[in-house]
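User: I would like to learn how to read charged side chains and backbone angles in a model. Please take me through some cases.

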Amino acid sequence: MSEFLQFLINGLAVGSMYALIALGYTMVYGIIQLINFAHGEFMMMGAFVGAFTLNRLQGTPLAVALVISMLAAGLLAVLVELVAYRPLRRQPKIFVLTAAIAVSVLLQNLGRIVFGSSAVSFPAQFPQGSIGLESLGVWVEYSQLFVLGLSLVLMAALWLIVHKTKIGAAMRATSQDIDAARLMGINTNLVISFTFFIGASLAGAVGVFYGMQYSVDPLMGVQPGLAAFVAAVLGGIGSLPGAMIGGLLIGIIENLVAGYLSSTYQGAITFVLLILVLSIKPTGLLGRMAPVKV
Amino acid sequence: MTMLDVQDIHVHYGAIHALKGVSLKVEAGTIVTLIGANGAGKSTTLRALSGLLPLSTGAIDFIGQSIGGRPVHKIVRDGLCHCPEGRKVFPQLTVKANLELGAYIRHDKTGIKSDLEQIYQLFPRLKERLSQAAGTLSGGEQQMLAIGRSLMGRPRLLMLDEPSLGIAPLLVQEIFRTIKKINAEQKMTILLVEQNAHMALKIADHGYVLETGKVVLSGKASDLAADPRIKAAYLGH
Ligand SMILES: Nc1ncnc2c1ncn2[C@@H]1O[C@H](COP(=O)(O)OP(=O)(O)O)[C@@H](O)[C@H]1O
Ligand SMILES: [Mg+2]
């Protein structure tokens, strides 16, 4: 039982990061029906910017580094959309999908050139260690608590933006009918840029969370990017709550599989899940029923 | 005062030449109707006026300003509102949220509030369904919502694309009555696109007849309604 609980906690910690990345996939899909395959690379860029800030500018508080990473990843995504995706918007979908794959490879190589191909570590952020819940026999690492807590804060912030602000209303309108949204006087190009910015800044934050726990390298965005993509599909692409639930589920399932079967299967299980979802319920858990999608 | 002056506009969909030189004028305070058979180019005309489609050539003046080539969201802010064919309400948002989006370009909270009340008076059915998802409304109710949403932006000119399309006959009467009421009570200038020429010519001051991308006839609505060619082609006499 305590073993199971421990896997659950580890799964939630990883899953909350998948959820944050999945939110970006699902928001962008909701608004322009594009699977942005470069999304994982925004996380990688966020991680590198975080590592750079903390290593080179000694004494930068973690919170400041986190904000800088989020801004950098967000702005990079705005630029990518503007330069690589927007000119292709009127072309068949396969064009912009191909562009997204190209941007993904480009950013990986850009990361290699700018930051080098060897892994970089973050300086230790806070005391290593964990809190033991003796009665249950499980341990929660400080870094896990930090990641889980901040993930919740970021998701709550996103919820507030989408449901309580004017730009949020514009996002919801644009995702349901872009021409109708334009006829309301909404500058949908701005809304699309904003959506890329928000989605990628969440991925940038995850980059920092990853960097704190593991190390940073140009290909680090690939695995979490794929896991989060599957999470978004599992939750129902286009649905925000779906992305959150999907992310947490994938994190938990991965940890259960790695714990009870073998860590060799950890990566494969994601794809098994993808195939299962696509063949059983392609709309995902909350796909069709979601009252408000973005 | 001429509010809208459309001069010889051409529009293409790829190789398809959909509008072949359409000109029309809308005077302030009037209802002008654009009638014509399915595929004549009525919706294309409205989509070009609101900026959703680019002009190949031609000019559009709205309240003395050239708006050809202006982005859609700016044309809306100029006061030209397009209530599109098929209603295009936001299906997963509530009726209230749809109406509020209609007022997206406005910042006067109290004005928005009083305009909402005005919409509820115009369409009491909407008030009963404020927290319902717009997609669950009947066709007629969705049309009322679409018109209400358009009014929430306080346009100078309201363009309606086939408000009677796919609506129960009883409601059609009600919708046309309401359009006339909006024109009379709010002094709203209206450009009404319709296939239901009979009803449209009844409430309009002026009319244009569109055939395969060209204006083939225009005149006072009452004259058009009496014209034997119109009677034969559009009024089923
Ligand atoms: N998106 C489109 N692509 C290509 N052709 C179109 C498109 N929309 C309309 N058309 C064509 O343009 C002409 C005018 O259409 P439309 O303006 O919708 O007519 P109406 O509103 O009068 O029924 C028709 O021949 C129609 O087939
Ligand atoms: Mg039409």
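User: In which strand of chain B does B:Asp161 lie?

Analyst: B:Asp161 lies in strand S7, residues 157-161; helices (H or I, at least four residues) and strands (E, at least two) are DSSP runs, numbered from the N terminus. This is a predicted model, in which local features need pLDDT of at least 70, side-chain atom pairs count only at pLDDT 80 or more, and totals for chains, interfaces and linings use all residues. Residues are numbered from 1 along each chain as its sequence is written, chains are lettered from A and ligands numbered from 1 in the order in which they are written, and side-chain values use heavy atoms, with hydrogens and water left out.

User: Is A:Glu81 buried or exposed?

Analyst: Buried means under 20% relative accessible area, exposed over 50%, and partly exposed in between (1.4 Å probe, protein chains only). A:Glu81 is buried, at 0%, while A:Arg89 is partly exposed, at 33%.

User: Which side chain of opposite charge is nearest to B:Asp161?

Analyst: Lys and Arg count as positive and Asp and Glu as negative; His and the chain ends are not counted. For B:Asp161 the nearest is B:Lys42, 6.6 Å away, and this buried residue has no salt bridge. The side chain of B:Asp161 does make a polar contact with that of B:Ser43, at 2.7 Å. A polar contact is a pair of N or O atoms within 3.5 Å; within protein, one must be able to donate a hydrogen and the other to accept it, and residues adjacent in sequence count only if both atoms are side-chain atoms.

User: How far apart are A:Asp179 and A:Arg182 in helix H7 of chain A?

Analyst: They are three residues apart in that helix (residues 178-183), so about one helical turn separates them.

User: What is the phi of B:Lys187?

Analyst: B:Lys187 has a positive phi of about 55°, although it is not a glycine. B:Lys187 sits in the loop between helix H7 (169-186) and strand S8 (189-194) of chain B, and is exposed at 63%.

Key:
A salt bridge is a side-chain nitrogen of Lys or Arg within 4 Å of a carboxyl oxygen of Asp or Glu.
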